[in-house]
Amino acid sequence: MNKVILWSVPLLLLSSVSIQGVSEALPDKQAELFTSPKKPTDSYLPVRSLASIPKGEFGDKVRMGYQLFVNTQQLRGQYVGNELNCSNCHMDAGRKANASPLWAAYLAYPAYRKKNDKVNSYQERLQGCFTYSMNGQAPDNDSPELIALSAYSYWLAMGGLMDQYQVAGEVPELSDKALVLGGKRDDFSLPEAIASAMTMDERAKLAGRGFPAIPKPELAYSPERGAEVYKAHCQACHGDNGQGLAIAGIYSLPPLWGPDSFNWGAGMHRVNTAANFIYENMPFGKSITLTNQQAWDVAAYVTSKERPQDPRLTNKGVADLAKQYHQHQGYYGKAVDNGPMLGSKAYPVNPDK
Amino acid sequence: MRVFACLISLCLLAQPAFSEPLPMPASAQLCVGCHGPTGGGIEPVGPRIAGLSAEYIAQQIALFQQGKRQNPIMAPMAMTLQGDKITQVSEYFASQALPEIKLHIRGDTVSFNEPASTLVYQGDWGRLIPACVTCHGSSTLGGGQFPRLAGQQASYIKTQLLAWQTGTRKGDVDGMMASIANKLTAAEIDALASYLAAIK
C-alpha cells in the first residue's frame, strides 16, 4: 500500500516548505524512462517547419503549445515557480532528437508505471514537468495549457510520421479529450501507411527519444573533479554559482541549481540523466565535446548542489523521503564534502517571484 | 584568495550601467578617434562599443593583447592599456547609454518569413545552430560576456563572423561561437549582419 496517499496539507505545512493546494499524493511522474544508447544506424523522425502549422482553431492550439514551450515564463506565478523554460532542456523547442523530443514522448504515452501501479496519460506526464522541473503547480487536467502542449506534441509526432511514410496532407485534428491522452493507445487513429509500418510499441520507442544512455564512467563519478570541468566548460554560460544568465531580466541561459532551478523531484537531478543530457547536448550547439568521464563528473557536481525541495516531502523528513523516492544515482539525502545533508537546506517549492 | 578577488571584480564588472555616463578617463582618449567620443562607433573604422558590458570590453582588450583577436590597429592600441586603465576604459564605455529597443521575447512570433530572423530567434538545429538570442539575450540585447548585436554596424558584424570562421578571432569557451560561425553561409552572414544592424 502506498503510504503517500495519507499525506495531508497540514502535515506538509509543518515542513520547511509550504505547498499550496496539494491535497493528495504527488506520484512519481518523473520516474526514470527507459533510455538506450545511440546507434550509428539511428535515423530520426523528420520535423515539420513551424510555418506549416495549419490555420484555424486546431493550429492555434499547436501554436500556443509552441509558445508556452519556448516562453514558459509566461506562466510564472501561476504554474511555474523557477526561471526555466521547457526549451532549456528540450532543445530546438522540443524537436531535437536525443534532447527528449516531444514527438517521441507523445507516442510513448499513456504509459504504465510500476511505481504507482497506474497508467499515466500524456497530460499527467506534463503535469509532472510543472510540479518538478518547473518547481511549480501543475495546471488542472484538460486545462488550455495542457491541451496546447499536447496539441503541439501531437502535431510534431503525427506530422513526422506522415512525412516519414509519405502520407500527404495536414495532420488530422483530434478532440481535446483525445489530445491529452497521448499516442500510445489502441484507439489512436493513424493513416494505414503508418499503422502498417510500425507497431504501437515500436512507435513508443522511436530512435532519438529521451537522452541517449552513455556508458558507465571508468572511475566512480566525482563532484570534486566535476567542479573543474564546470569551471572550464560550463561556467561561462551558467555562472560561477550555477545561477544562469538573465539579460534584461529574462533568463535564456538557465540556472542549474539554487532557488531558480528544477527541484529535487525532477528527473534531471539524477546523476545518470544529467550525464546523458550533458554528454549529448552540451556545450550548447556543439554536442559531444566532453569525455564520458567528464560528463559524469560534471553531472555529479551540478546535481550535488542544493535546489528547491522535493514536493513529496512530508513531516517524516528528508531521510525518509530519500529512502522512499531517491534510491537511485542522486544526492538527495546525502552529504557531500562534509556539507549538510542535501535536501535539508532546500529552497521553497513554487515560491513567489 | 586571488580567485576570490577575481570573482568579486568580475561581479562588479558585470553590473549593468543604470547610472549616469561616467566622465571620460584620460586612458580612453586613444579609443575615441575610431570609436567616437562616447563609443558610438564610426563606420567602418570602429564599431560601437558604447553600452557593451564592462566585463565584455575588458575581456576583448585582453584577447587583443594575447593575439587571440587579431587586428593590426587594435593590437597596439590594446597594449597601451594595462592594469587599472583597462577597468577605467571598460567602465567608461559600458556606462554610455544606448537607445532602448522594444524587446522581442521568444515565442512572440511562431514562424518567420525570412532566413535571418529565423536564425536569430530559432536557429537551425538541423545544422546544430542555436538561436542567437539564447546567448545574446532577447532581441540580442547582450549582457555579461555576450555582446549586444542589436544596432551594431552591419559591416562590423560581418567582419567578425568572417573572423570567427578564419580563426583570427578566438577566445570563446570550447569554440562555441566559432562552431556556429563556421556553419553559416556567406549569404546568411550578409543577411544576419543587415538584420541585426537594423534592430533599433
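This is a short walk through a two-chain model, chain by chain and then across the contact. The model is predicted.

Let's begin with chain A. Chain A has 14 helices and four strands. There are 353 residues in chain A, and 58% of them are buried. Now take contacts in chain A between residues at least 6 apart in sequence. Of those, 70% join residues at least 24 apart.

Chain B next. Here we have ten helices and zero strands. Read from the N terminus, the elements run α-α-α-α-α-α-α-α-α-α. Chain B has 200 residues, with 48% of them buried. For contacts in chain B with a separation of 6 or more, residues 24 or more positions apart account for 63%.

Now the contact between the chains. How many residues does each chain bring? Chain B brings 30 residues and chain A brings 28 residues. The size of an interface is often given as the accessible area lost when the parts come together. For chain B and chain A, the buried area is about 2,600 Å². Carbon and sulfur atoms give 68% of that area.

On to helix packing. Two packed helices are described by the angle between their axes and the distance between the axes.

Start in chain A. Look at helix H10, residues 223-233, and helix H13, residues 292-303. Their axes come within 7 Å and cross at roughly 100°. An angle of 65 to 115 degrees counts as roughly perpendicular, so H10(A) is roughly perpendicular to H13(A). Who makes the contact? From H10(A), we have A:Pro223, A:Arg225, A:Gly226, A:Ala227, A:Val229, A:Tyr230 and A:His233. From H13(A), we have A:Gln293, A:Gln294, A:Asp297, A:Val298, A:Ala300, A:Tyr301 and A:Val302. By type, the residues of this contact are eight nonpolar, four polar and two charged.

Now a pair in chain B. Helix H8 covers residues 154-166, and helix H10 covers residues 186-197. These two pack at an angle of about 140°, with axes 8 Å apart. H8(B) and H10(B) are therefore oblique to each other. The crossing of H8(B) past H10(B) is right-handed. On the H8(B) side, the contact residues are B:Ala154, B:Ile157, B:Lys158, B:Leu161, B:Leu162 and B:Gln165. On the H10(B) side, they are B:Ile189, B:Asp190, B:Ala193, B:Ser194, B:Leu196 and B:Ala197.

B:Asp190 sits in helix H10 of chain B. Is B:Asp190 buried, partly exposed or exposed? B:Asp190 counts as partly exposed, because its relative accessibility is 36%. B:Asp190 and B:Ile157 are 33 residues apart in sequence. In space, C-alpha to C-alpha, B:Asp190 and B:Ile157 are 8.9 Å apart.

One more helix in chain B: H5, residues 84-94. The buried residues of H5(B) are B:Ile86, B:Val89, B:Ser90, B:Tyr92, B:Phe93 and B:Ala94. What covers them? The cover includes helix H2 (29-35) and helix H3 (54-66) of chain B.

Between H5 and helix H6 (115-121) of chain B there is a loop, and B:Lys102 is found there. B:Lys102 is exposed, with a relative accessible area of 76%. B:Lys102 and B:Ser139 are 37 residues apart in sequence, yet 8.2 Å apart in space, C-alpha to C-alpha.

Last topic: the backbone. Most residues other than glycine have a negative phi, and most peptide bonds are trans. Here are some exceptions.

Two cis bonds to look at. A:Met282 and A:Pro283 are joined by a cis peptide bond, with omega about -10°. A:Pro283 lies in the loop between helix H12 (271-281) and H13 of chain A. B:Glu43 and B:Pro44 are also joined by a cis peptide bond, with omega about 5°. B:Pro44 is in the loop between H2 and H3 of chain B.

Then positive phi. A:Gln166 is not a glycine, but has a positive phi of about 50°. A:Gln166 lies in the loop between helix H6 (144-164) and helix H7 (176-179) of chain A. At 72% relative accessibility, A:Gln166 counts as exposed. A:Asn338 is not a glycine either, and has a positive phi of about 60°. A:Asn338 lies in the segment after helix H14 (318-325) of chain A. A:Asn338 is exposed too, with a relative accessible area of 81%.

Key. Residues are numbered from 1 along each chain as its sequence is written. Chains are lettered from A and ligands numbered from 1 in the order in which they are written. This is a predicted model: local features need pLDDT of at least 70, side-chain atom pairs count only at pLDDT 80 or more; totals for chains, interfaces and linings use all residues. Side-chain values use heavy atoms; hydrogens and water are left out. Axes are lines fitted to C-alpha atoms, for helices over the stretch in contact, and angles run from 0 to 180 degrees between N-to-C directions. Angles under 35 degrees count as roughly parallel, over 145 as roughly antiparallel, 65 to 115 as roughly perpendicular and the rest as oblique. A crossing is left-handed if the near helix is turned anticlockwise from the far one by less than a right angle, and right-handed if clockwise. Contact means heavy atoms within 4.5 Å. Buried means under 20% relative accessible area, exposed over 50%, partly exposed in between (1.4 Å probe, protein chains only). Buried area is the accessible area (1.4 Å probe) that two parts lose on being put together, summed over both. Ala, Val, Leu, Ile, Met, Phe, Trp, Tyr, Cys and Pro count as nonpolar, Asp, Glu, Lys and Arg as charged, and the others, Gly among them, as polar.
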